[in-house]
Amino acid sequence: MVMAVQAPQGFWRLHSRKPNSQLHPPQFLPPQPATSSRRKALDFSCTATGNDDYYLIDAEESAGDGFSFSGGKYSGEPSPSDEWFKRGKMVKAHPVFGSKEKAQDPIFGLKMGSASQTSDDLFRWFCVESGSADSPTVVLVHGFPSQAYSYRKVLPVLSKNYHPVAFDWLGFGFSDKPQPKYGFDYTLDEYASSLESLINEIGPSKISLVAQGYSAPVAVKYASSHQDKISSLILLNPPVRIRTPVGFRGLQNLLLILDAEELRLLLHDSYPKLTAAHANLPSTLSIFSNFLLGEIFSQDPLRASDKVLTSSGPYKMKEDDAMVYRSPYLTSGSAGFALNAISRAMKKDLKKYVEEAKEMLLDKSWGVQTTVCWGRRDRWLSFDGVEELLKGSKVKLIELPMAGHHVQEDSGDELGGIISGVISGRIRN
């Protein structure tokens with residue numbers, strides 16, 4: 001049964017399914033002695049921008065020079081990136097493995113800049129939280145490549161009843177960006193392990209987990225090992241689909257003309273070509289995995305941020321928002337090196353992670369309340385077959401017709417209301 005429900009802003013459809021910290025100080029300081037178990041009240045908050053047209057079709061692409069460090073648009077005042085940084089704190093989590101030697105350039109052997117170096121003990125993560133620390137925690141996980149900034153419209157909505165925390169993955173935003181081979185290689189296994197370490201710091205009790213895009217399979221892997229800790233799992237445009245070359249309608253036609261054995265042989269022989277249409281990176285991402293071009297393009301702020309983000313949906317970003325995403329690539333080369341490394345790792349391992357996530361979500365024993373929210377204007381991951389795939393599972397499906405791949409960026413207020421409704425139980429199967 002499909003039921004249409006009116007959201008606070010915009011609209012979406014609910015598909016019924018079968019039932020079945022406190023953060024560390026902002027300075028990079030050595031670990032502090034443990035305090036009492038009760039988390040203290042927050043000393044900062046997130047507020048809405050008051051401008052709802054920050055990410056609209058045909059918005060102006062530029063309002064001035066955002067690239068100059070002197071004489072440009074932000075030369076005499078704080079940039080949007082600076083303002084966003086002030087709203088967050090640094091959290092130390094996940095051990096730095098390896099020899100702890102200073103990172104060197106892989107070609108010339110020269111010592112890398114401070115942005116490519118790490119601390120001697122734990123990695124530093126940039127986190128933005130809102131709401132009361134005594135309210136249920138909601139951890140917001142951005143996709144690849146993006147930043148915690150993408151949840152800026154979701155945070156104030158959730159903060160009314162929850163304690164939302166958004167963070168930058170290692171290699172993105174303001175978090176550490178170690179040179180590959182010096183403590184962190186940006187593999188999906190490392191991201192899964194580091195996610196566990198971070199959640200132990202920012203959400204010591206039971207949490208709800210929201211994960212977007214290509215980070216979703218990593219979140220599913222974490223949830224599978226910590227089902228008792230997860231109150232609700234919400235996935236935003238996750239790569240989960242397996243599609244046959246003939247499509248579902250074509251398969252129905254084949255059933256009319258082939259017997260069971262002939263159909264089995266056809267699908268068996270074709271299976272290597274069926275695997276995970278969603279596990280193939282879009283061209284704007286896969287280019288960064290190339291041996292030479294990837295290293296060059298990952299250092300280009302427009303290719304690494306603007307072009308990637310806008311290629312995933314039908315919208316353009318305004319200059320102030322685009323500048324936040326560009327900032328890491330303008331500051332140093334470490335963000336580009338990290339993007340190059342994660343793109344190569346995803347090209348190698350994403351298919352396995354997508355397959356495993358799909359099997360877990362469809363397993364009848366899956367014990368985590370799970371919802372998939374899908375922006376129908378996604379230009380990276382097709383919606384074809386997703387509804388059919390989840391039919392009969394315990395996973396709830398909600399469509400957001402006006403959103404693209406980055407649902408939280410396109411429909412933040414609306415998504416915040418949906419997340420709140422799912423967690424509270426107001427939105428049910």
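The protein exposes about 19,200 Å², of which carbon and sulfur atoms supply 53%. Accessible areas here come from the Shrake-Rupley method with a 1.4 Å probe, and for residues only the protein chains shown count as cover. Please note that this is a predicted model, in which local features need pLDDT of at least 70 and side-chain atom pairs count only at pLDDT 80 or more, while totals for chains, interfaces and linings use all residues. Residues are numbered from 1 along each chain as its sequence is written, and side-chain values use heavy atoms, with hydrogens and water left out.

Of the 429 residues, 55% count as buried. Buried means under 20% relative accessible area, exposed means over 50%, and partly exposed lies in between, with a 1.4 Å probe and protein chains only. The protein has 14 helices and ten strands. These are DSSP runs numbered from the N terminus: helices are H or I with at least four residues, and strands are E with at least two.

Let me begin with the surface. Which residues form a nonpolar patch there? They are F291, L292, L293 and I296, with about 440 Å² of accessible area together. Patches are made of residues with over 30% relative accessible area and no salt bridge; like charges are joined within 9 Å, and nonpolar side chains (Val, Leu, Ile, Met, Phe, Trp, Tyr) within 5 Å. One member, I296, sits in helix α8, residues 293-297, and is partly exposed with a relative accessible area of 48%. D300 is found in the loop between α8 and α9 (301-311), and is also partly exposed, at 27%.

I turn to the charged pairs. The structure holds twelve salt bridges, a salt bridge being a side-chain nitrogen of Lys or Arg within 4 Å of a carboxyl oxygen of Asp or Glu. In one of them, D189 is joined to K221, with the closest N and O atoms 3.4 Å apart. Because D189 lies in helix α3 and K221 in helix α4, this pair ties together parts that are 32 residues apart in sequence. D189 is partly exposed at 40%, and K221 is partly exposed at 29%.

Another salt bridge joins R376 and E399, whose closest N and O atoms are 2.7 Å apart. This pair links distant parts of the chain, with R376 in the loop between β9 and α12 and E399 in strand β10 (residues 396-400), 23 residues apart. Is each partner buried or partly exposed? R376 counts as partly exposed at 39% relative accessibility, whereas E399 is buried at 2%.

E388 and K391 form a further salt bridge, at 3.6 Å between the closest N and O atoms. E388 counts as partly exposed at 43%, and K391 as exposed at 53%.

How many aromatic pairs does a search of the whole structure find? It finds 19. Rings of Phe, Tyr and Trp (its six-membered ring) pair if their centres lie within 6.5 Å; planes under 30 degrees apart count as stacked, over 60 as edge-to-face, and the rest as tilted. F144 and W169 form a tilted pair, 5.7 Å centre to centre with 40° between the planes. Both F144 and W169 are buried. Y214 and W380 form another tilted pair, at 6.3 Å and 40°. Y214 lies in the loop between β7 (207-212) and α4 (216-225) and W380 in the loop between β9 (370-375) and α12 (386-390), so the pair ties together parts 166 residues apart in sequence. Y214 is buried at 1%, and W380 counts as buried at 12%. One aromatic cluster includes F123, W125, F144, F167 and W169.

Finally, helix α14, residues 412-424, has 13 residues and reaches 18 Å from its first C-alpha to its last, close to the 18 Å expected at 1.5 Å a residue. The expected span is 1.5 Å times one less than the number of residues. Why is α14 described as largely enclosed by the rest of the structure? The reason is that eleven of its 13 residues are buried, among them G412, E414 and L415. Helix α14 is followed by G425, whose phi is positive, near 95°.
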